[in-house]
Every structure is written in C-alpha cells, then in structure tokens.
Amino acid sequence: MAPKQEKHRKKGSKATEPTQYMASNSSQNPANYPAIQSSGDIDSFLAPEDEVRIELKKIIHKFQENIRKKLFTKRSLKMKINAFFKSIQKKWDHVLKGQHDLRMTLYGKDIQEMVTLFLLSDMQLNRLKEGGENLATLYLKQEKFLQQSLNVYSQEMEALVYLYDQNLKAGPLSVLLTTEM
C-alpha cells in the first residue's frame, strides 16, 4: 500500500507545480504587457508563460477531444452490446415459444390419441361384457335344454324299464299280442 500512496502524492505535487508557478508569476496580468494594451493583439507579443499556457490549452483541448471520442466509442459499444443481448434474448424467447407451442400441440395430439384409445377400449370392453352376457345366457339356455332333455330321457327310460318289466312278467306271447294290436 505504501507505493500507491507515494504515487498519489507525486501526482498531486506535479499538479500543483504549474499552478504554483503561474500564481507566483505576475506576468498573467495583461497590464504588465504594453503591446497587449495598445493594440489588443495577443500574437504580437507573448511572454514565455503565455506560450506555455497556450500549449497547455491545446493539450487540454486535444485531451478533451480524445475523452469525448472515447466516451462516444464507449457509448456506441455499450449500445451495440445491449442490442446484441436484446437480439439474443429475442431469439431465445422465440425458440422457447416455438418449443412451448410444439409441446402443446404434441400434448394435445397425445391427449386426443389417449382419449380415442380410452373410448375404443371402453367400447371393446362393453362389447366383451355384452358377449359374455350373451354367452352366459346361451349357457343357461343350453343347461336348461339339457336338463329338460335329461328329464325327458329319464322319463322315457323309466317308461322303457316299466315296459320291459311288464314284458318280463307277462312272458313272450303277450308281447307279440300287444304289439299286433
């Protein structure tokens, strides 16, 4: 830290030297120069201090022009950078909006397909239920028919057994007589 303070002091002392010199010199007063008083023309007679002052003014003017150019360059660079970032932001927003729109359209299509598949599966499930109910009804009808057939068959078997028993008891001639009648 000590070298920085020394540097700062040196700059300060250099800055005060020309002002101290100019303040101590009484030649700054135009009344001290008779040529300036008589004709009003500064170029006709210049003191060495005035020449230094004019040179300092020229240097300061050039320095001010350089500062203005640098500030203008800085402002234009800042505007270009801001425009660049704005264009990047617009492009990024455009890409995000495009992706969002694409996602929403794909999402809408997927939802539509899922709803369609759900409706188709629901219809197929209803068809299967109806088919199962029809099969159950057919099974019950077949079972009822078989039960009736079994009852008829058992009645016929009972009648046949009864007739067989009757024929066995009556003998072979009675069978022939009953059949011829």
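Asp101 and Lys97 lie four residues apart in helix α3, so about one helical turn separates the two. Their side chains meet in a salt bridge, with 3.4 Å from N to O; the term denotes a side-chain nitrogen of Lys or Arg within 4 Å of a carboxyl oxygen of Asp or Glu. Asp101 is partly exposed at 38% relative accessibility, whereas Lys97 is exposed, with a relative accessible area of 54%. In these assignments, buried means under 20% relative accessible area, exposed over 50%, and partly exposed in between (1.4 Å probe, protein chains only). Helices (H or I, at least four residues) and strands (E, at least two) are DSSP runs, numbered from the N terminus.

The model is predicted: local features need pLDDT of at least 70 and side-chain atom pairs count only at pLDDT 80 or more, while totals for chains, interfaces and linings use all residues. Residues are numbered from 1 along each chain as its sequence is written, and side-chain values use heavy atoms, with hydrogens and water left out.

The structure holds three salt bridges. One of them joins Arg53 to Asp50, with the closest N and O atoms 2.8 Å apart. Both residues belong to helix α3 (residues 48-170), where a spacing of three residues corresponds to about one turn of the helix. Arg53 is partly exposed at 21% relative accessibility, but Asp50 is buried, its relative accessible area being 9%. Another salt bridge is formed by the side chains of Lys58 and Glu55, at 4.0 Å from N to O. Lys58 and Glu55 are likewise placed in helix α3, three residues apart, or about one turn of the helix. Both count as partly exposed, Lys58 at 47% relative accessibility and Glu55 with a relative accessible area of 44%.

A nonpolar patch on the surface is formed by Met104, Tyr107, Ile111, Met114, Val115, Phe118 and Leu119, which together have about 730 Å² of accessible area. Patches are made of residues with over 30% relative accessible area and no salt bridge, like charges being joined within 9 Å and nonpolar side chains (Val, Leu, Ile, Met, Phe, Trp, Tyr) within 5 Å. Val115, one of the patch residues, is located in helix α3 and is partly exposed, with a relative accessible area of 40%.

The chain contains four helices and zero strands, in the order α-α-α-α from the N terminus on. Of its 181 residues, 4% count as buried. The accessible surface of the chain comes to about 17000 Å², and 65% of this area belongs to carbon and sulfur atoms. Accessible areas come from the Shrake-Rupley method with a 1.4 Å probe; for residues, only the protein chains shown count as cover.

Confidence is expressed as pLDDT, the predictor's confidence in each residue, from 0 to 100. The chain averages a pLDDT of 79, and 69% of the residues score at least 70. Among the elements of the chain, α3 has the highest mean pLDDT (93) and helix α2 (residues 34-39) the lowest (45). Over residues 6-41 the pLDDT is below 50, and this stretch has 24 contacts in the model beyond near neighbours in sequence, a contact being heavy atoms within 4.5 Å.
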